[in-house]
Amino acid sequence: MTDLSAIALVCTLTPSPEPSSSELMAHHILDQLKEYGVESSLVRVVDYDVRHGVLTDMGDGDEWPALRQRILAADILILSTPIWMGHPSSVAQQVLERLDAELSETDEQGRPILYGKVAVVAVVGNEDGAHKTIADMMQGLNDVGFTLPAQGGTYWVGEAMQTVDFKDLDQVPKPVASTNAGLARNAVHLARMLREQQYPAK
């Protein structure tokens, strides 16, 4: 079996090197994927000059094309976002808008170029909205061609209207750790299945 690869797109609004709960959650998932021999990388999208738009390349120094190539080279995408005012971050929304361009991109057999790739979603925050945020991200990712594994969403939310973040915890809560482990296991299983038997062409 050829080794699988994964990339985590961290959609925090906080530039590096400041700590990020979204990045920490993504690292926990990547650690689980490594247990299955998955090679991985992580990018904090806000550190790149990603232009607004719905094309694969908006020109004029747009750094999305380089990130796009890394997404296309990976078997598994982890999209990790905080909740802001009950919604995914604006960076996460921008990622979906840029991925929308892939609807017109196809492989050599005419299939959408993202067919055969797996996506999972991670959410952190200290307010309500985790399930809705996961639903929004999953719908967008599936719409552009990603396949979602069973229980492919994970989250941690602190007490509403308080200031404790995921990065402030001494350890990952057991329910979150268990969910992350199952998410990784199912993502690898699905990615291997799709590697062996791709979706049919038109």
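Leucine 33 is in contact with Ala6, Val38, Ile76, Ile78, Ala184 and Val188, neighbours within four places in sequence left aside. Contact means heavy atoms within 4.5 Å. Leucine 33 sits in helix H1; helices (H or I, at least four residues) and strands (E, at least two) are DSSP runs, numbered from the N terminus. This is a predicted model: local features need pLDDT of at least 70, side-chain atom pairs count only at pLDDT 80 or more, and totals for chains, interfaces and linings use all residues. Residues are numbered from 1 along each chain as its sequence is written, and side-chain values use heavy atoms, with hydrogens and water left out.

- Leucine 33 counts as buried at 1% relative accessibility. Buried means under 20% relative accessible area, exposed over 50%, and partly exposed in between (1.4 Å probe, protein chains only).
- Leucine 33 and leucine 4 are 29 residues apart in sequence, with 9.4 Å between them in space, C-alpha to C-alpha.
- Aspartate 75 lies in the loop between H2 and E3. Aspartate 75 is buried at 13% relative accessibility.
- Setting aside neighbours within four places in sequence, the contacts of aspartate 75 are Asp3, Leu4, Ser5, Lys117, Val118 and Arg195.
- The side chains of aspartate 75 and arginine 195 are joined by a polar contact of 2.8 Å. A polar contact is a pair of N or O atoms within 3.5 Å; within protein, one must be able to donate a hydrogen and the other to accept it, and residues adjacent in sequence count only if both atoms are side-chain atoms.

**Salt bridges**

- Side chains of opposite charge can pair when their charged atoms come close.
- The whole structure holds 10 salt bridges. Each is a side-chain nitrogen of Lys or Arg within 4 Å of a carboxyl oxygen of Asp or Glu.
- Another salt bridge joins the side chains of arginine 68 and glutamate 102 at 2.6 Å, N to O. Arginine 68 is in helix H2 and glutamate 102 in the loop between H3 and strand E5 (118-125), so the pair ties together parts 34 residues apart in sequence. Arginine 68 is buried at 12% relative accessibility. Glutamate 102 is buried too, with a relative accessible area of 1%.
- The side chains of lysine 132 and aspartate 136 form a salt bridge at 2.9 Å, N to O. These two are four residues apart in helix H4 (residues 130-143), so about one helical turn separates them. Lysine 132 is partly exposed at 47% relative accessibility. Aspartate 136 is partly exposed at 27% relative accessible area.
- A network of salt bridges links Asp49, Arg51 and Asp60.

**Largest pocket**

- The largest pocket holds about 280 Å³ of space. The volume is the space filled by probe spheres set on grid points, which are joined across faces, edges and corners.
- On a 1 Å grid over the protein atoms alone, a cavity is a set of points where a 1.4 Å probe fits but cannot get out, and a pocket is an open set with protein on both sides within 12 Å along at least five of seven lines; lining residues have an atom within 4 Å of a point.
- There are 18 lining residues, and those closest to the centre of the largest pocket are Ser21, Pro82, Trp84, Val124 and Asp165.
- Helix H1 (21-34), strand E3 (76-84) and E5 each give two or more residues to this lining. E3 gives the most, with three residues.
- The lining divides into eight nonpolar, seven polar and three charged residues. Here Ala, Val, Leu, Ile, Met, Phe, Trp, Tyr, Cys and Pro count as nonpolar, Asp, Glu, Lys and Arg as charged, and the others, Gly among them, as polar.

**Backbone geometry**

- Most residues other than glycine have a negative phi, and most peptide bonds are trans.
- Serine 16 and proline 17 are joined by a cis peptide bond, with omega about 10°. Proline 17 is in the loop between strand E1 (5-10) and H1.
- Aspartate 60 has a positive phi, near 55°. Aspartate 60 lies in the loop between E2 and H2 and is exposed, with a relative accessible area of 68%.
- Glutamine 151 also has a positive phi, about 50°. Its place is the loop between H4 and strand E6 (153-157). Glutamine 151 is exposed, at 68% relative accessible area.
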